[in-house]
Amino acid sequence: MRQLPLWLMACSASLLLAAPGEAQVSSADVKDLTLVVARDLPCVWPVGMTPLAVVPTRTIGLSPYHRDLLVIDEHTGTQWDAPAHFVPPPDSGLPGAGPNGLITGEKVPVWQFCGEACVIDVTAHCDDAPAGSSFLIGPEFVKDWEAKHRPLRFGDVVLFRSDYTDRYYRAFPAGERFVSDALAKKSPGWPAPKPETMAYLADKGVLTLGLDGASMGPLPDLAVATHQAGGKRGMIWTECATNLGSLPTTGAFYAMLAAKHAGGSGGEVRCVAITEPKLAAKLIDSARGKRVVDLSVTLQEDLPITWPGYGPGEEASRYVSKTLNAFSTTRGPYFAMTHLLDSFAGTHVVLPGYSLPRPGFDDQQYAAPIRELLKKYASQFGPRGTSALTTDQAPLEQMMGTAHVIDVRSLVGTTKEADWPASPRITLDLIRKHEARGRPIQRGEVVIFSSGYTDDHFQPLPDAPTLDRLFAAPLAGKAEGWPAPTPEVIAYLADKGVRCIGTDGPTLGGVDRENALFVNWLAASRGIFAVEFLTNVADLRDKDAFFLFAPIKIEGTRGGYGRAIALY
């Protein structure tokens, strides 16, 4: 696997991180179980799928921000399967059809994406099969594990560890060994379960699985049978996980933070585990009790999930969802989709590199209006920082922690129409009054602004020329914008030791260009990550909740889309 630079190697000295406090899990106790996605790695199935593409559409200079256009198949890198991936719809007349063929990705309940990791070690059999075949994991392996440890039950996430990805996920040409050579019968495939194993686990109440092989389906001829055996029982699973050897046999909290594609067969996912015993036990109990809140909007073509810009020429890439294969007799007995989208579509994290240039950037490369704003910013807040941090390097623990929800609903409706475009301002005075009511902000907490804005206005796009109420109307001065903090609030939170801020508005900075830019520059320069476009935050207001977000692990991007959840 690639050796990734540390955070302090990726950012300039001006971006200093405070040590995490009790509200935040430590880096040693967060395990990233996700493969990095890059063009020179075997991240895409080599037959019938869409190659990955990352295309910059905005670069820092003429623009103050960096954006990327992504072309990505659902089953790229570490991925997950919904039942609809291999179970045909009930009215299709196809073999294996059933009602679970209607369970696409966004319909899977969020509690099913997490639970207690139960690691079944099959590393001794990683290459224990003829070329072109997989070692078959039968029910006896599960029964032996249960005899040594404990009976499996609802809320467990069974992970088959073979170390296959750790050994063979390499840059090309060595990467041919990962899938292509196995398909060509030049090498053994990955260990994978028999259909009978899926049935046994489902009977035990297990609904979530994972493995560090390329597919849950074994080679050469049981892939469909194993997928359907699990899918028809409502099971979901991770494929292409990695680093499973970093987990204890039991006791770790496991989460699949999956991209929320509407109508999808599953999709890209960031898999993480928390191994600190007390916190893991608390989160596992929440998962077993289904006390999990989905904080992410759905990615769908007719929903306003993409930044429309302040004017012509500033629109981010639109979200395009395309069926790649629908149980085709010529292409294969499975359903899958591919997508074209802006890297910040839907619920996403903004890393410092979104607005900060890399070290060595000459500020004269900025367009003249941006240089003037930079002078004003520097006079008020000091030098703007730089950053080389990319999504694949971002520390996951910084996007996790105790959720500290600040209710800002009282600000809605407080702007004057004559002042539009404008967002209500979340001021330092409001933050201090909130703390004075008995809830001081603690180091390491994830502070989340709760206005109800996305819940109220996230609706299907209207027919043109009507402007959507969520994004376009506020930006055009036809409606009030979403509440946004001032730069002074960002500085105050940074001084408090907050390193992640969330909002249920589409962006942290609001509709005012200058405020948005200053908020982004200041947050980035102080090392703060922003998780934007949350929803359902009201469900956390009176709860002791733990927040998690992780972006899809795409090499070289500056943040991006992913999944936010909270457990209480």
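Biologist: Buried means under 20% relative accessible area and exposed means over 50%. With that cut-off, which are the buried residues of H8?

Modeller: This is a predicted model. In it, Ile370, Leu374 and Tyr377 are the buried residues of H8.

Biologist: Where do they lie around the axis?

Modeller: They lie on the same side of H8, because the arc they cover around the axis is only 65 degrees. As a general point, an α-helix has 3.6 residues a turn, so residues three or four places apart point the same way.

Biologist: And which exposed residues does the face turned away from the buried side carry?

Modeller: That face of H8 carries Pro369, Lys375 and Ser379, which are exposed.

Biologist: How many residues does H8 have, and what span does it reach?

Modeller: Helix H8 covers residues 368-381, which is 14 residues. From its first C-alpha to its last it reaches 20 Å, close to the 20 Å expected at 1.5 Å a residue.

Biologist: How do E4 and E10 run, parallel or antiparallel?

Modeller: Strand E4 (residues 79-81) and E10 run antiparallel and are joined by three bridges.

Biologist: What unit do E9, H6 and E10 make?

Modeller: Together with helix H6 (residues 223-231), strands E9 and E10 form a β-α-β unit, and the unit is right-handed.

Biologist: Next topic: how many disulfides does a search of the whole structure find?

Modeller: The search of the whole structure gives zero disulfides. For Cys271, the nearest cysteine sulfur belongs to Cys240 and is 10 Å away. A disulfide would need the two sulfur atoms within 2.5 Å.

Biologist: Is Cys271 buried or exposed?

Modeller: Cys271 counts as buried because its relative accessibility is 0%. Cys500 is buried too, with a relative accessible area of 2%.

Biologist: How many salt bridges does the structure hold?

Modeller: It holds 26 salt bridges. One of them joins the side chains of Asp121 and Arg161, at 3.7 Å from N to O. That pair links distant parts of the chain: Asp121 lies in strand E5 (residues 114-121) and Arg161 in strand E7 (residues 156-161), 40 residues apart. Asp121 counts as partly exposed, at 44% relative accessibility.

Biologist: What about Glu315 and Arg318?

Modeller: Their side chains meet in a salt bridge of 2.8 Å, N to O. Arg318 is exposed, because its relative accessible area is 58%, while Glu315 is partly exposed at 39%.

Biologist: Which residues do salt bridges that share partners join into one network?

Modeller: The network contains Glu116, Arg150, Asp156 and Arg288, joined by salt bridges with shared partners.

Note on methods. Residues are numbered from 1 along each chain as its sequence is written. This is a predicted model: local features need pLDDT of at least 70, side-chain atom pairs count only at pLDDT 80 or more; totals for chains, interfaces and linings use all residues. Side-chain values use heavy atoms; hydrogens and water are left out. Two strands pair if DSSP finds at least two bridges between them. Helices (H or I, at least four residues) and strands (E, at least two) are DSSP runs, numbered from the N terminus. A crossover is right-handed if, with the strands pointing away from the viewer, the path from the first strand over the helix to the second runs clockwise. Buried means under 20% relative accessible area, exposed over 50%, partly exposed in between (1.4 Å probe, protein chains only). A salt bridge is a side-chain nitrogen of Lys or Arg within 4 Å of a carboxyl oxygen of Asp or Glu. The expected span of a helix is 1.5 Å times one less than its number of residues. The arc is that of the directions from the helix axis to the C-beta atoms.
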